[in-house]
Amino acid sequence: MPYSKLIFVDGDGTCRSAMSKSIMKSKFLLNPLTIESRGLVVLFPEPLDAKAYAVLREHGYDTQNCQAQQLEQKDIGDDVLLLTMEERQKQKIWEQFENARNVYTLAEFIHHTGDILPLYGEPVESYEEWVQVMDKLLDELVIRLNERSIHKRAADLQKKHQMMHSEEVSADDRKEE
């Protein structure tokens, strides 16, 4: 089943997940996908981290609607892909939410290893570097998602072809009778 929604998840939803969402929205996907950001601990809607905001704006990324939102059970579904920044966040989702099937770390989903470390307290240069690295990682994510879409379409076309072929064979069998 193709995903209809992608949710980036981090601790409080004000930095890494929100930045990932902004960058990902600039990418081309074959299958339309709603892209969102959530935090695991969000007490109230907080704005995007100030350094993250400045760096994203500098690179021309959309920063509208970048307020932290709590990940909730209603966000989880069979057609929702949840990508966390860290392994422990993935584990927390599995512990706290029912039917959380499509939960991976971003690195894991694109066949890398390791966590995407927090930026809190880092200088703005670290945010700048992070955006450049994340842009490349998200290019890999786009490739992976687009490959899944192509495989799904190919499988659908193959089924359609098989059905058409079996209908032709049935019609030929009726002609012979």
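## Ground rules

Since the model is predicted, local features need pLDDT of at least 70 and side-chain atom pairs count only at pLDDT 80 or more, while totals for chains, interfaces and linings use all residues. Numbering starts from 1 along each chain as its sequence is written, and side-chain values use heavy atoms, with hydrogens and water left out.

Let's start with β1, residues 5-10. Helices (H or I, at least four residues) and strands (E, at least two) are DSSP runs, numbered from the N terminus. Five of the six residues in β1 are buried, so the strand is largely enclosed by the rest of the structure. Buried here means under 20% relative accessible area, exposed means over 50%, and partly exposed is in between (1.4 Å probe, protein chains only).

β1 has two partners to look at, and strands pair if DSSP finds at least two bridges between them. With β2 (residues 34-39), β1 runs parallel, joined by six bridges; leucine 6 sits opposite isoleucine 35 of β2. With β3 (residues 80-84), the pairing is again parallel, this time over five bridges. Lysine 5 has valine 80 as its bridge partner in β3, and phenylalanine 8 has leucine 83.

Helix α1 covers residues 16-24, and together with β1 and β2 it makes a right-handed β-α-β unit. Right-handed means that, with the strands pointing away from the viewer, the path from the first strand over the helix to the second runs clockwise.

How many of the residues of α1 are buried? Nine of nine, which leaves the helix mostly covered.

Leucine 83, the β3 partner of phenylalanine 8, stands opposite tyrosine 104 in β4.

## The largest pocket

Rolling a probe the size of a water molecule over the atoms shows where empty space is left. The largest pocket holds about 320 Å³ of space. Of its 15 lining residues, Asp10, Gly11, Asp12, Arg16 and Gln89 are closest to the centre. Helix α3 (residues 87-96) gives the largest share of the lining, three residues.

For the method: on a 1 Å grid over the protein atoms alone, a pocket is an open set of points with protein on both sides within 12 Å along at least five of seven lines, and lining residues have an atom within 4 Å of a point. Grid points are joined across faces, edges and corners, and the volume is the space filled by probe spheres set on the points.

## Residues worth a click

Two residues other than glycine have positive phi. Asparagine 65 comes in at about 55°; its place is the loop between α2 and β3, and it is exposed at a relative accessible area of 66%. Histidine 111 has phi near 65°, lies in the loop between α4 (106-109) and α5 (124-176), and counts as exposed at 63% relative accessibility.

Leucine 138 and isoleucine 110 are 28 residues apart in sequence and 8.8 Å apart in space, C-alpha to C-alpha. Alanine 50, in helix α2 (residues 50-58), is exposed at 62% relative accessibility; alanine 50 and threonine 14 are 36 residues apart in sequence but 9.3 Å apart in space, C-alpha to C-alpha.

Finally, arginine 144 lies over the face of phenylalanine 109, 4.4 Å from the ring centre. The criterion for a charge over a ring is NZ of Lys or CZ of Arg within 6 Å of the ring centre and within 35 degrees of the ring normal.

How values were computed: 1 Å grid on protein atoms, 1.4 Å probe; cavity = no way out; pocket = protein on both sides within 12 Å on 5 of 7 lines; lining within 4 Å.
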